[in-house]
Structure formats: C-alpha cells, structure tokens
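Thanks for coming. I have one structure to show today, and I will keep it short.

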Amino acid sequence: MNHYPVHERTSKYVDIARQALQRLGHATNAELLSALHADYPEVSTTTIHRITARMLERGEVQLAPSGKKNVLRYDFNLEPHDHFMCTHCGLIRDATLSAVVRPLIEQAIGDGCSISGSLTVSGLCKNCQS
Ligand SMILES: [Zn+2]
Ligand SMILES: [Zn+2]
C-alpha cells in the first residue's frame, strides 16, 4: 500500500480526485477530501489542495461560484455555463439560461451594459423549500 515513491502516490491521487470531481460535478477541497476519505483515509488536506491547484493551473477544471462560505469550488464542466445555487444548503447545479433571457436582463440593467461571463441565479432548492 505505502511502498510507492511519493510522486507516484500523488499522481495516483490526481486521477482519483479527478474522478471524484467528475462524479460530484462541483466540489470544494473539503468535499473532495471527504469523498476520497471513504477509500483513501491517508490522503491529506495538503495533497488535495496541491492536486486541485494543479488541475486548475492546467485548465482541467474551472472555478464554480463559491457560495456563502466563500471557499473555492471546482467545476468539472469546462464548457461555459450558468448555475443555480441554493442559498440555504449551498447546492449548485449547472443550468443553461436561454439566450432569450440575456437581452431581457441587459435591458433591465440598462445603460448599454452587456453580460459577458456566466450567470448565477440564487434561490432555494426543492429540499430547502419544504
Ligand atoms: Zn438547498
Ligand atoms: Zn458548473
């Protein structure tokens, strides 16, 4: 189990962390760490931080809206996309807000302002409404 040289262990965790993020869609370092800890309790916070920083640097992940805790949250989906975010539990899901909606929002903002990046709509998810 622990007979690999350090660099091999780290690259092994890179793949595992990538797969966990793919499964979760969006995750913070803490969420990734707890996902990995089920099978790999030896993975440290530092290792996860190093892996996600490297994936971000290489453009293998992007940053998702961070939410109320204001911690970095990684997004496996590299396509430009919008999000819905629950302000109560922090749930985040990808959304495609129709091209029809953007001109309406720009019109409401006024003064010739034009939306460039992605939109994040906040509210309450189904679970938090009940
Ligand atoms: Zn919620
Ligand atoms: Zn996303």
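With angles of 104 to 114 degrees among its 4 donor atoms, the zinc ion (ligand 1) has a tetrahedral site. For reference, the ideal angle for four tetrahedral donors is 109.5 degrees. Please keep in mind that this is a predicted model.

Which residues hold the zinc ion (ligand 1)? The SG atoms of C86, C89, C125 and C128 coordinate the zinc ion (ligand 1), at 2.3 to 2.4 Å. Along the chain, these donors of the zinc ion (ligand 1) are spaced as C-x2-C-x35-C-x2-C.

C128 is buried, at 18%, and the cut-off for buried is under 20%.

Now the sheet. It is open, has 3 strands in the order β5-β4-β6, and its pairing is mixed. The edge strands, β5 and β6 (120-123), each pair on one side only. From one strand to the next, the twist averages 25 degrees.

In general, strands of a sheet pair through backbone hydrogen bonds, either parallel or antiparallel. How do β4 and β5 pair, in the parallel or the antiparallel sense? Their pairing is antiparallel, over 4 bridges. One residue to look at is M85, whose bridge partner in β5 is I92.

That is what I have.

Key: Residues numbered from 1 in each chain as written. Chains lettered and ligands numbered in written order. Predicted model: local features only at pLDDT ≥ 70, side-chain atom pairs only at ≥ 80, totals over all residues. Heavy atoms only, no water. Donors = N, O, S within 2.8 Å, 3.2 Å for Na, K, Ca; no water. Tetrahedral: all angles 85-135°; square planar, octahedral: opposite > 155°, others 65-115°. Buried < 20%, exposed > 50% of the residue type's maximum accessible area, 1.4 Å probe, protein only. Pairing = 2+ DSSP bridges. Helix = DSSP H or I, 4+ residues; strand = E, 2+ residues; numbered from the N terminus. Axes fitted to C-alpha atoms, helices over the stretch in contact; angles between N-to-C directions.
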